[in-house]
Number of protein chains: 2
Amino acid sequence: MPAPLNFRRAYAGKRVLITGGLGFIGSNLARRLVALGAEVSVVDSLVPEYGGNRRNLDGVAGRIQVHVADVRDWPKLPKLVAGQDYLFNLAGQTSHMDSMTDPQTDLDINCRAQLAILEACRLHNPQIRIVFASTRQIYGRPDYLPVDEEHPLRPVDVNGINKIAGESFHLLYSRVHGIRATALRLTNTIGPRMRIKDARQTFVGVWIRRLLEGEPIEVWGGEQLRDFTYVDDAVEAFLLAAANPKAEGRVFNLGGPPPVTLEALAQLIVTANGGGVYVVREFPRDRRKIDIGDYYADDRLIGRVLGWKPRTDLRTALARTLAYYRRELRHYL
Amino acid sequence: MPAPLNFRRAYAGKRVLITGGLGFIGSNLARRLVALGAEVSVVDSLVPEYGGNRRNLDGVAGRIQVHVADVRDWPKLPKLVAGQDYLFNLAGQTSHMDSMTDPQTDLDINCRAQLAILEACRLHNPQIRIVFASTRQIYGRPDYLPVDEEHPLRPVDVNGINKIAGESFHLLYSRVHGIRATALRLTNTIGPRMRIKDARQTFVGVWIRRLLEGEPIEVWGGEQLRDFTYVDDAVEAFLLAAANPKAEGRVFNLGGPPPVTLEALAQLIVTANGGGVYVVREFPRDRRKIDIGDYYADDRLIGRVLGWKPRTDLRTALARTLAYYRRELRHYL
């Protein structure tokens, strides 16, 4: 196990850009980096269907430079990346269903804009260190469990295809152009500041909302196994990956505590809430074609190489998340 | 081995659209389809750096509808695909080097436009049958030889990443939306009507040109093993794939006669030409990073499923190609 990194030494006084920085993971990362003494800028499009929410920087907004801009707006990219020490590249369209109904938008954000960001780095800041937010969605329906980084990529939706391209561009630019980049393949990430308006970011978001509004949770299927990373653990992985040269040009899965079925998760969340109801429904027909079945990650590689491990158990993760939204609900509807 | 298909029965009177139809393989396919009695339309951008050349339809131009249009011009696509029985989708940017110096253009053609073509089919002609020209480039440096369809995809350049996305979109639309599509992963294809101005389509093109102009051929490295498909054999594969329901939603490698080293190929081509000189040069530095080393395909799957096999040996392929360009050289410079 590698020695723990001194994050303050790595990040204090460093210039850091976060795309998607008003979003769920991006804003949690921004807050942590501010606490570590970094000079943080965020870019976010604030597209209403996506994860960006100004409330996510509540209390630290004065210490973060916020650019409301879309990564699809290429002419803005050179100025944004110039002079930055680190780029945490989290801007993305995350809805699998939206990627099927509006595939070109998914492509423009998750694939085309990623190449534009990398070109901007190549031409205007080749020294930058990048960590890219990839996704377990690119594996498709697993051949085996847990899924390690060697598992074939067989995307089941447009989002998966574009995320593969986005990830591949990062690794290619690292290998061929020397733009040091790492990709983290995230699984379901949960915690404060996630989108709860609907299921576009994660179904857990809309579950939280319904529980707090006294509505029953809808569990589709219920038997599927999933793993969940608490957002603080995900943030830790991004910080570790950016600061460690051993991560350059590599891909790592993030996982979490032992996987649970969706029905077990519903029970846990109802218990954590001190009450609530869930109903199990048949998996909707239109989503079945792009469903991946059971999934959980083998995340031992990032443990071995970077010393990361998930620290937050699922009960704690759910309790903290519920506590946040009990207080903040009205800012997230 | 499946029974041979009656191509005339499959294609006579059928409406066929070929993107990239003034290009190398596209035009050979168009000519064959005209001979089989199909109603052929071609779309080609005639971008000077690509493969399109009006001379490629010499003698049959009156029997083919030619649309000079770019697949990046989305509004034109619905009208082009509507009412067609078959779409042979061969429009592409083929230069690996160009994909590194101008990656966004490669993306717009090989990835973004492919999705637009499929969306046009989904919305305006969901009954169409598509064969997509993919490439061995997506495998990257082989782990083992010959390379079968199960080999991991590890693209070494921007072109490879975008072609994976383009191919994946076809397979996804087949699986999820029922748009019947097949992808053929082509290796080096050679024959009449290939681009010989430069090495943008295949290095064999520029070798032919230099030989016929009395200049020495430059062989880079020389030890690399490669396989070559003669264009008539490639055309046969496209025709078989489109007409056989067993090909729907599937991917097949095309190969050729036994592989040869590049130096052996240079010797063969000099002999076929009845004279000429080749020089072996060190592999250029800037290309080494995106070179794939040895490659040859395992093409037994398409043999088993569709009954395809390469019929033309390499000497014959080279002799026919040289004969064509001896006559036609001035139209291809």
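**Exercise 1.** Which residues touch the most other members of the largest nonpolar core?

*Solution.* The model is predicted. Its largest nonpolar core holds 201 residues, and of these A:Phe238 and B:Phe238 touch the most other members. The next step is to list the partners of A:Phe238 once its neighbours within four places in sequence have been left aside, and the contacts then found are with A:Leu29, A:Phe88, A:Val131 and A:Leu184.

**Exercise 2.** Describe the side of chain B that touches chain A, and then work out how the two copies are related.

*Solution.* Begin with the count: 21 residues of chain B are in contact with 21 residues of chain A. Next, assign them to helices: in chain B, helix H5 (103–124) and helix H6 (158–177) each supply at least two residues of the side that touches chain A, and H6(B) gives the most to that side, with nine residues.

For the relation between the copies, chain B is superposed on chain A by a rotation of 180 degrees with 0.0 Å of shift along its axis, at an RMSD of 0.0 Å. The two copies are therefore related as by a two-fold rotation axis. The same surface serves both copies, since 100% of the contact residues of chain B recur in chain A.

Conventions
Residues are numbered from 1 along each chain as its sequence is written. Chains are lettered from A and ligands numbered from 1 in the order in which they are written. This is a predicted model: local features need pLDDT of at least 70, side-chain atom pairs count only at pLDDT 80 or more; totals for chains, interfaces and linings use all residues. A nonpolar core is a set of buried Ala, Val, Leu, Ile, Met, Phe, Trp, Tyr and Cys residues joined through C-beta atoms within 7 Å. A residue is buried if 20 or more other C-beta atoms lie within 10 Å of its own, exposed if 12 or fewer, and partly exposed in between; C-beta atoms are placed from the backbone. Two residues are in contact if their C-beta atoms, placed from the backbone, lie within 7 Å. Helices (H or I, at least four residues) and strands (E, at least two) are DSSP runs, numbered from the N terminus. Copies are superposed by least squares on the C-alpha atoms of residues with pLDDT of at least 70 in both.
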